[in-house]
Amino acid sequence: MGKEVVYVNEPENKEKFTNDFNRFYTGFAKLYDISVRILPFWKRWIKTTIPHIQGPRVLEVSFGTGYLLKQYVKQYDTYGMDYNEKFVEMLREELTKKGISADIRQGDVQAMPYEDEYFDSIINTMAFSAYPDGMKAMSGMYRVLKTGGKLIIVDIDYPKNRNWLGKLATKAWIAMGDIVRDMRPIFERFNFEYQEEEIGGFGSVHLWIAVKH
């Protein structure tokens, strides 16, 4: 990728990394929810996943406060899983108030409580860069995705044309603690057929559509 592109090494203490992220989002859960709702670019980025969803059974991993899940929940047999108990509580309460049915659970992407090849689509937005072990996270999602199913990811990477604004945006995410990875070898390790598109942030926000074979 060239000398000007530097990807982030995964942390040695993976448990501490996860706990630190979890505490941060627990403390700022309501502010985070408000931010997602009012920032048009964020909503635009994550909603690019919706046209690619195939059902009937859909899982969103690391749904945050659930803004995206609420956009499609009535169209599919919808499941959501997040590591953060506060996020799980907030989304369950909101869906219950609106009379919307979905299976919302707390859990770890590396040990998800679902059967093998259970889902037709898995969605993961702005979250893969917060996992301390990319291969184990991908292994967990691969296991529960059906053959022929879609894994739909939105996250951060460097812009392909290396424009300075996009690189600056990517480095800002890294400075905030995100693990920006080269996703190509991860997809190839699991034999996914995938497409990649830059969808915002001067090329720093990417959409990956990966099909399991």
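# Exercises on a predicted model

In the largest cavity, the largest share of the lining, 3 residues, comes from β5.

**Exercise 1. Describe the largest cavity: state how much space lies in it, which residues line it and how they divide by class.**

Step 1. The count comes to 1 cavity of 30 Å³ or more. About 50 Å³ of space lies in the largest cavity.

Step 2. Its lining consists of F128, S129, I153, D155, I156, I179, V180, R181, M183 and W208.

Step 3. By class, these lining residues divide into 7 nonpolar, 1 polar and 2 charged.

**Exercise 2. Find the largest nonpolar core and name the elements that give two or more residues to it.**

Step 1. The largest nonpolar core has 31 residues. Those with the most contacts inside it are W42, L69, Y72, I104, I123 and M126.

Step 2. Two or more residues of this core come from each of α2 (29-38), α3 (40-47), α4 (69-72), α5 (85-97), β5 (145-156) and β7 (205-211). The largest share, 5 residues, is that of α5.

Step 3. Another core lies apart from this one; it has 27 residues, among them M112, I153, F192 and W208.

**Exercise 3. Decide whether I123 is buried or exposed, and list what it touches.**

Step 1. I123 is located in strand β4 (residues 119-125).

Step 2. The relative accessibility of I123 is 0%, so it counts as buried; the cut-off for buried is under 20%.

Step 3. Not counting residues up to four places away in sequence, I123 touches T49, I53, V58, L59, E60, V61, L68, Y72 and I152.

Step 4. Turn to Y72, one of the residues in that list. Leaving aside neighbours within four places in sequence, Y72 has contacts with I53, V58, E60, T78 and I123.

Step 5. For a separation along the chain, take I123 and L151, which are 28 residues apart. Their C-alpha atoms are separated by 6.1 Å.

**Exercise 4. Classify two aromatic pairs, F41 with W45 and F187 with W208.**

Step 1. The count comes to 20 aromatic pairs. In the pair F41 and W45, the ring centres are 5.1 Å apart and the planes stand at 55°, so the pair is tilted.

Step 2. F41 and W45 are separated by about one helical turn, because they are 4 residues apart in helix α3.

Step 3. F41 has a relative accessible area of 34% and is partly exposed, whereas W45, at 8%, is buried.

Step 4. For F187 and W208, the ring centres are 6.4 Å apart and the planes are at 45°, so this pair is tilted.

Step 5. F187 belongs to helix α8 (residues 184-189) and W208 to strand β7, so the pair ties together parts that are 21 residues apart in sequence. F187 and W208 are buried.

Step 6. F187 and W208 also belong to one aromatic cluster, together with Y142, F190, F192 and Y194.

**Exercise 5. Describe the largest pocket by its space, its lining and the classes of the lining residues.**

Step 1. About 1000 Å³ of space lies in the largest pocket.

Step 2. The pocket is lined by 48 residues, and F21, Y25, M126, A127 and A130 lie nearest its centre.

Step 3. Elements giving two or more residues to the lining are α1 (14-27), α2, α3, β1 (57-61), β2 (77-82), α6 (134-144) and β5. The largest share, 9 residues, comes from α1.

Step 4. Sorted by class, the lining has 26 nonpolar, 12 polar and 10 charged residues.

**Exercise 6. Locate a cis peptide bond and two residues with a positive phi.**

Step 1. Most residues other than glycine have a negative phi, and most peptide bonds are trans.

Step 2. The peptide bond from G55 to P56 is cis, with omega near 15°. P56 is in the loop between α3 and β1.

Step 3. S62 is not a glycine, yet has a positive phi of about 60°. S62 lies in the loop between β1 and α4 and is buried, with a relative accessible area of 17%.

Step 4. R162, also not a glycine, has a positive phi of about 60°. R162 sits in the loop between β5 and α7 and is buried, with a relative accessible area of 16%.

Step 5. K167 counts as buried, at 14% relative accessibility.

Conventions:
Residues are numbered from 1 along each chain as its sequence is written. This is a predicted model: local features need pLDDT of at least 70, side-chain atom pairs count only at pLDDT 80 or more; totals for chains, interfaces and linings use all residues. Side-chain values use heavy atoms; hydrogens and water are left out. Buried means under 20% relative accessible area, exposed over 50%, partly exposed in between (1.4 Å probe, protein chains only). A nonpolar core is a set of buried Ala, Val, Leu, Ile, Met, Phe, Trp, Tyr and Cys residues joined through side-chain atoms within 4.5 Å. Contact means heavy atoms within 4.5 Å. On a 1 Å grid over the protein atoms alone, a cavity is a set of points where a 1.4 Å probe fits but cannot get out, and a pocket is an open set with protein on both sides within 12 Å along at least five of seven lines; lining residues have an atom within 4 Å of a point. Grid points are joined across faces, edges and corners, and a volume is the space filled by probe spheres set on the points. Ala, Val, Leu, Ile, Met, Phe, Trp, Tyr, Cys and Pro count as nonpolar, Asp, Glu, Lys and Arg as charged, and the others, Gly among them, as polar. Rings of Phe, Tyr and Trp (its six-membered ring) pair if their centres lie within 6.5 Å; planes under 30 degrees apart count as stacked, over 60 as edge-to-face and the rest as tilted.
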